Amino acid sequence: MTRRLASSLDRSLAPALAPALAPALAPALAPALAPALAPALAPALAPALAPALAPALAPALARALMGPLSLALALSGGAGAPRAHAAGLEFPESGAAAAMRGGAAVSGVTDPTAAFLNPGVLSRLKGLRLTYNHNIIESAISFTRAPSQIPATDLSAPFDGTVGRAPASNETPWFFLNGLLAVSHDFGTPFTFAASVYGPNSGGSARYDVSGGQRYMMTSLDGLLAFAGLSVAYGGESWGVGVTGQYAMMPEMTYRMVVDGQPYTSELNPYEGAFDVEAEVRVSDMFAYSAIVGAWVRPLPNLEVAASGRVLPVRFNATGSVAVLNTPTGQTYSPEQLTITGGGASFDLTLPPTARLGVRYRGLEETGAEGEEARERFDVELALVYEAWHMMNQLNVDLQGSVALFASPLSPVVIEKRWRDTLSARLGGTYRLTDTLALSAGGFYEQGATPKQYAHIDFPSFDRFGASGGLTLSAPGGLELLLGYLHIFESGVTVSEAEAKVLQQRPIRPCPDLCDGYTGVPANAGRLTASFRSVSIGLRAGF
């Protein structure tokens with residue numbers, strides 16, 4: 001009804017390989033890594049990993065730790081709108097250790113979360129390692145609708161003066177279903193193997209007043225996305241390489257918004273219409289795949305350089321149902337009138353290639369024990385992260401069926417997104433105060449993926465700053481407790497009606513052809529603000 005809807009290698013090899021790896025890593029700057037590696041790895045990895053991962057992982061992991069992803073980007077209104085992951089669909093970074101370093105974790109990863117941050121670093125993990133993390137996320141998003149310059153011409157609309165005008169905020173800002181579980185083991189071999197399951201670091205549920213000023217953009221969202229992966233890494237004392245094959249699942253995405261179902265005339269309503277109904281799209285896709293590669297090298301005892309990236313984009317082909325519901329203030333229709341014969345919905349969603357580059361300085365100190373190597377007292381890492389969000393230029397949404405009330409078929413639509421590639425700079429580190437206590441801190445700056453005119457409440461992705469910190473407590477027996485906090489400050493945006501590109505949906509009498517010469521009724525004109533907070537708890541064990 002809506003339109004938018006590796007133990008180590010022989011030491012004699014390391015000196016020979018490290019000089020060769022270092023030059024290869026330097027050019028792996030953000031924009032170059034993914035395009036350079038994808039063509040070479042995709043043909044080999046995709047056929048081998050996807051069939052192997054799906055049968056083995058799907059049954060056990062599909063309902064494990066389902067992390068959230070707000071997928072409103074897939075069906076946002078008008079000409080387009082977004083949702084942002086590290087800049088496009090989430091924020092930095094999955095895993096408590098990485099999050100409390102401001103996401104600066106390309107080289108400085110010390111647990112099995114390396115499986116998806118940088119698989120090459122797994123080569124440093126010996127014996128059995130386990131990690132469990134849980135994030136609690138707050139998404140505080142508000143929208144105040146600007147007065148419309150378009151005259152309300154639908155004289156049959158209720159018009160109580162508040163519907164469609166009132167400021168609106170996310171009524172369910174806290175999201176608790178974000179976790180990850182990862183395990184690694186070298187099995188006494190020169191390789192390290194790992195398995196992981198996790199969800200993106202993002203909120204996956206939102207509720208807004210159906211009568212609020214945002215009603216023609218979105219009224220509710222529930223989304224779940226999860227990644228299950230198998231990894232292998234190989235390396236020496238001063239280098240390592242690795243790869244992770246991933247099986248991606250979208251168990252659910254349910255999206256609701258109000259649409260103007262005016263079936264007869266060209267009359268417009270910027271706030272409230274007599275034929276307003278709430279449209280719902282519910283889709284899922286339980287099979288997609290991807291691959292992440294990574295490497296690290298230590299040219300000097302105090303210096304490490306690392307690079308990683310998603311070299312295969314994640315391509316979801318989601319299918320499901322479409323329905324229409326009554327609104328609280330509009331006309332009430334019977335279930336028979338709201339029936340959709342042959343109803344269905346489908347769309348394709350792509351999560352793009354990414355590239356990460358990290359340079360880490362290690363502060364070493366002598367232990368005092370004869371023959372024992374110096375240990376790391378502190379580290380500082382500078383990381384750059386590139387994400388190719390230009391791939392999210394538009395979404396093709398296919399709606400099928402005919403609504404009894406309007407006796408009109410639903411039509412396929414193309415939703416313009418116009419997302420931009422993003423770059424994030426991150427700086428963070430860890431200082432070990434004692435053998436049992438370490439403190440971490442970091443910060444980042446991240447470009448937004450969304451142009452101003454396509455601003456949307458589904459997930460505001462504008463320029464943002466983040467600050468984080470946390471601690472790691474170590475106990476006897478190799479157990480560790482991690483506690484972290486991340487706060488993201490995002491620049492608000494004000495969109496005028498002349499700039500707005502998210503338009504009210506009129507599926508029966510579409511604009512501009514049937515709207516009295518108007519190109520459409522802007523739905524995102526107004527002031528949008530957002531901030532995010534995340535509390536992370538992690539448990540790690542090594543044997």
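Tyr361, Val380, Leu382 and Leu427 form a nonpolar patch on the surface, and their accessible area together is about 370 Å². Patches consist of residues with over 30% relative accessible area and no salt bridge, like charges being joined within 9 Å and nonpolar side chains (Val, Leu, Ile, Met, Phe, Trp, Tyr) within 5 Å. A salt bridge is taken as a side-chain nitrogen of Lys or Arg within 4 Å of a carboxyl oxygen of Asp or Glu.

The structure is a predicted model, in which local features need pLDDT of at least 70 and side-chain atom pairs count only at pLDDT 80 or more, whereas totals for chains, interfaces and linings use all residues. Residues are numbered from 1 along each chain as its sequence is written, and side-chain values use heavy atoms, with hydrogens and water left out.

Tyr361 is classed as partly exposed because its relative accessibility is 44%, where buried denotes under 20% relative accessible area, exposed over 50%, and partly exposed the range in between (1.4 Å probe, protein chains only).

Strand β6 (residues 220-236) contains Tyr234. Of the 17 residues of β6, 13 are buried, so the strand is largely enclosed by the rest of the structure. Two strands are considered paired if DSSP finds at least two bridges between them. On this criterion, β6 pairs in the antiparallel sense with strand β4 (residues 191-198) over eight bridges, and Thr192 stands opposite Ala233 of β6. Strand β5 (residues 205-207) is also antiparallel to β6, with three bridges; here Arg207 has Ser220 as its bridge partner. The antiparallel pairing of β6 with strand β7 (residues 239-260) extends over 16 bridges. A hairpin of two residues joins β6 to β7, and Tyr234 faces Val241 in β7.

Tyr234 itself is partly exposed, its relative accessible area being 23%. The C-alpha atoms of Tyr234 and Pro190 are 6.5 Å apart, although 44 residues separate the two in sequence.

The structure holds 13 aromatic pairs. In the pair of Tyr234 and Trp239, the ring centres are 6.3 Å apart and the planes lie at 80°, so the arrangement is edge-to-face. Rings of Phe, Tyr and Trp (its six-membered ring) pair if their centres lie within 6.5 Å; planes under 30 degrees apart count as stacked, over 60 as edge-to-face and the rest as tilted. Trp239 is buried, with a relative accessible area of 5%. Both residues belong to one aromatic cluster together with Phe187, Phe191 and Phe193.

One disulfide is present, a disulfide being a pair of cysteine sulfur atoms within 2.5 Å. The bond links Cys511 and Cys515, whose sulfur atoms are 1.8 Å apart. The torsion about this S-S bond is about -85°, so the disulfide is left-handed. Cys511 is partly exposed at 22% relative accessible area, whereas Cys515 is buried at 0%.

Definitions and conventions. Areas by Shrake-Rupley, 256 points an atom, 1.4 Å probe, with all protein chains shown as cover. Helix = DSSP H or I, 4+ residues; strand = E, 2+ residues; numbered from the N terminus.
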